[in-house]
Amino acid sequence: MEATIEVKDLVVERGKRRVLHGMNCTITRGTVTGLLGPSGSGKTTLMRAIVGVQIVKSGTVMVLGQPAGSEPLRHQVGYLTQAPSIYADLTVRENARYFASLYEGVTNKDADQAVNDVGLGDAANQLVNTLSGGQIARANLACALVSRPQVLILDEPTVGQDPVLRDDLWKRFREMAANGTTLVVSSHVMDEAGRCDRLLLIRDGELIADDTPAAIRASAGTDDLEEAFLRLILARTMAEVA
Amino acid sequence: MSMRRLISTTGRILRQIRHDHRTIGMLVAVPVLLLTLIYFMFDGQERIFDGVGLIMLGIFPFVIMFLITSIAMLRERTSGTLERLLTTPMGKLDLLFGYGIAFGLAAAVQAAIASGVAYWLFDLDTFGPRWLVIVIACANAVLGVALGLFCSAFARTEFQAVQFMPVVVVPQFLLCGLFVARGEMAGWLQAISDAMPMTYAVEALEEVGLHEQATATLWRDLGIVAGCIVVALTLAAATLRRRSP
């Protein structure tokens, strides 16, 4: 198994607060890794460190054998932020085509395809500021998918989407992974966790679990992932107290 | 720098303006309305309008483009699009030059219309060629863009951004020689005036007003404005960080 992302002893401080306390993890090529944890646990910070936009205190993050954020990686890593970061005063198509134009070899046709892929074909000519929240999130996603990056970091990509659409998007993520793309997806929704190859559970800036969904279920002795995580957290708290 | 990214960024910014009809309307109408006001203020005193009106043709684009750019760039920063762009192969200069070219083009249209109105409707009289007025107006607009790109880095909110207008623009406006001739100012005021780019833009316009041919002073002044644009863009590039805390 080829490591696409290697995080070693990563420490991040934001302001005076230590957000990540010496995190270690390895993410292999062509997999979907789920990043789970309560809000404020450090998921977004870890993703930002992998993309290379986060100033880190110590430790290293390597992506495709290069330091995170280095120039060659900007062609190969796609990043979807949780808050939509597209132009509200452009249409969906104009946004997708603009982001496409920033990458060599990505065409307008690819941009239109990405818009169709997220189910916005009918709204392609609408200005983003006239869309619903769920549609804006999808337009945002289309702009991240458009360059077909080798590594995709998606912060809460399916929030606010209806179940049918969420299912569609997850099928697409699985398809991309099957074609060799490495995906890191953060989520609050536990039924999505079951569709990942591997899960990282983060709490208070520390990795509590790093395993396949099946192994996590087995070690916690329950089929319900939500329950499994509760048990893992409880076991850890008990160990700390003892 | 990449031609493809520069062109597509310029196009993207122009498309954003195109979708905003009221902004287009104001870009065209506001300088014309203000010129009209000035024309009637000096009704029957053509010689004064020839001086003041001419200088205004250079000042409007600077003020308007400074304001528009600082808000546009602040929006890039607060909406997260700037951070996103900096995770792509986009170069910092692709983005900054894109703004310079896009708003420079908008300013060229604006300056052409405003000068057209000034010359044909209000009989503005200059010894020098009219195209030079438009060139100086555009240089001034691009200077406004470059300073706006730089200043937006120091604003967190729109409230703060608009207040850079009085800080950056008004002193230049007061000291450029329009209200008090530069030679009659106290020495220290003149020194400040010497350090401000708008002084040279205004001087260049006065040269067009007084001489039939482009003078050496005019070219020197335009060169200084161009130099200030390069300095402001370099400083603006330094405020674009790919990593943040």
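**Exercise 1. Determine how the radius of gyration of chain A compares with that of a compact globule.**

The radius of gyration is taken over C-alpha atoms, and the globule rule is 2.2 Å times the number of residues to the power 0.38. For 242 residues this rule puts a compact globule near 18 Å, and because chain A has 18 Å, the two agree. Along the principal axes, the C-alpha atoms of chain A fill a box of roughly 60 × 35 × 35 Å. The model is predicted, so that local features need pLDDT of at least 70 and side-chain atom pairs count only at pLDDT 80 or more, while totals for chains, interfaces and linings use all residues. Residues are numbered from 1 along each chain as its sequence is written, and chains are lettered from A and ligands numbered from 1 in the order in which they are written.

**Exercise 2. Describe the domains of chain A and the contact between them.**

Begin with the division: chain A consists of domain 1 (1-76 + 149-212) and domain 2 (84-148), with bounds that come from an automatic or database domain assignment. Their C-alpha centres lie 23 Å apart. Two residues are in contact if their C-beta atoms, placed from the backbone, lie within 7 Å, and the contact takes eleven residues from domain 1 of chain A and ten residues from domain 2 of chain A. On the domain 1 side, strand 7 (151-155) and helix 5 (163-178) of chain A each supply at least two residues, and the largest share, three residues, comes from helix 5 of chain A. Helices (H or I, at least four residues) and strands (E, at least two) are DSSP runs, numbered from the N terminus.

**Exercise 3. Trace the pairing in the open sheet of chain A that has the strand order 2-1-4-5.**

The sheet has four strands and its pairing is antiparallel, where strands count as paired if DSSP finds at least two bridges between them. At the edges are strand 2 (17-28) and strand 5 (66-67) of chain A, each of which pairs on one side only. Further in, strand 1 (residues 3-14) and strand 4 of chain A are joined over five bridges, with A:V11 opposite A:S58 in strand 4. Strand 4 (residues 58-63) of chain A then pairs with strand 5 over two bridges, and A:M62 stands opposite A:P67 in strand 5. In the hairpin of strands 4 and 5 of chain A, which has two residues between the strands, A:L64 takes a positive phi near 50°.

**Exercise 4. Identify which residues touch the most other members of the largest nonpolar core.**

A nonpolar core is a set of buried Ala, Val, Leu, Ile, Met, Phe, Trp, Tyr and Cys residues joined through C-beta atoms within 7 Å. A residue is buried if 20 or more other C-beta atoms lie within 10 Å of its own, exposed if 12 or fewer, and partly exposed in between. The largest such core has 140 residues, and those touching the most other members are A:I50, A:A96, A:A142, A:I153 and B:A146. Helix 3 (residues 46-78) of chain B gives the largest share of this core, 16 residues. Not counting residues up to four places away in sequence, A:A142 touches A:A96, A:A114, A:V115, A:D117, A:V118 and A:L120.

**Exercise 5. Characterise the side of chain B that touches chain A.**

Count first: 21 residues of chain B are in contact with 22 residues of chain A. Helix 1 (3-18) and helix 4 (81-85) of chain B each give two or more residues to the chain B side, whose largest share, six residues, comes from helix 1 of chain B.
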